[in-house]
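Me: I'd like to go through this structure and ask where each label comes from. Could you set each value against its rule as we go?

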Amino acid sequence: MMEGEGRSEAGKAFGLLICGTLVYYHCAYRNSTILSLFSDVLIVLLCSLAILGLLFRQMNISVPVDPLEWQISQDAANSIFAWLANTVGAAESVLRVAATGHDKRLFFGVVVCLYMLSAVGRLVSGATVAYAGMFAIKFCFLLLNQLVFVVET
């Protein structure tokens, strides 16, 4: 066993100990949920990255990918919003058919889905779900933007 490997293993163990302590504090001591922990971690990471990006910009350090300079084409924006409109329309038509009760299997599927959503709503606060949803949507837009950027180049 080399000398550097022992330090690497000790560093991993120390990192796991710190992470475990923070998870215990957040979930057990503060009586928060895991979803709240993940959204808090995501908020801290995104804020840290934003501050680092602004700092690098002020210091004229070139960043390999600068999200502030990304551009999305008009066709990509139109296709994204067309997909969004089609998804909302499809969900509305499915819920309309389920509400009439003509399709019993669909009706019970919607009831189970709504029951699961209400169970999640009882476990976590609305603000936590809003934060997690906001950052999930932002992450999806970043992935789409990266995909459009790769396709255009």
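Me: Why is phenylalanine 107 called partly exposed?

Reply: Phenylalanine 107 has a relative accessible area of 33%. Buried means under 20%, exposed means over 50%, and partly exposed is in between, using a 1.4 Å probe and protein chains only. So 33% makes phenylalanine 107 partly exposed. Before we go on: this is a predicted model, where local features need pLDDT of at least 70 and side-chain atom pairs count only at pLDDT 80 or more, while totals for chains, interfaces and linings use all residues. Residues are numbered from 1 along each chain as its sequence is written, and side-chain values use heavy atoms, with hydrogens and water left out.

Me: What makes phenylalanine 107 and phenylalanine 108 an aromatic pair?

Reply: The count by the ring rule is one aromatic pair. In that pair, phenylalanine 107 and phenylalanine 108 are 5.5 Å apart centre to centre, with 70° between the planes. Rings of Phe, Tyr and Trp (its six-membered ring) pair if their centres lie within 6.5 Å; planes under 30 degrees apart are stacked, over 60 edge-to-face, and the rest tilted. That's how the label edge-to-face comes out for these two.

Me: Is serine 39 buried or exposed, and how do you know?

Reply: Buried, because its relative accessibility is 5%. Serine 39 sits in helix H2, residues 34-58. Helices here are DSSP runs (H or I, at least four residues), strands are E runs of at least two, and both are numbered from the N terminus. Leaving out residues up to four places away in sequence, serine 39 touches Thr128 and Ala132, where contact means heavy atoms within 4.5 Å.

Me: Why does leucine 52 count as partly exposed?

Reply: Leucine 52 lies in helix H2 too, but its relative accessibility is 40%, so it counts as partly exposed. Leu52 also belongs to a nonpolar surface patch with Leu49, Leu55, Met59 and Ile61, about 460 Å² of accessible area together. Patches take residues with over 30% relative accessible area and no salt bridge, joining like charges within 9 Å and nonpolar side chains (Val, Leu, Ile, Met, Phe, Trp, Tyr) within 5 Å. Areas come from the Shrake-Rupley method with a 1.4 Å probe, and for residues only the protein chains shown count as cover.

Me: What makes arginine 96 and glutamate 92 a salt bridge?

Reply: Their side chains meet at 2.1 Å, N to O. The whole structure has one salt bridge. Arginine 96 and glutamate 92 are four residues apart in helix H3 (residues 74-100), so about one helical turn separates them. Arginine 96 is exposed because its relative accessibility is 51%, whereas glutamate 92, at 36%, is partly exposed.

Me: Where is valine 120, and what is its label?

Reply: Valine 120 is in helix H4, residues 104-123. Its relative accessible area is 40%, so valine 120 is partly exposed.

Me: How many helices and strands does the protein chain have?

Reply: Five helices and zero strands. Of its 153 residues, 11% count as buried.

Methods: A salt bridge is a side-chain nitrogen of Lys or Arg within 4 Å of a carboxyl oxygen of Asp or Glu.
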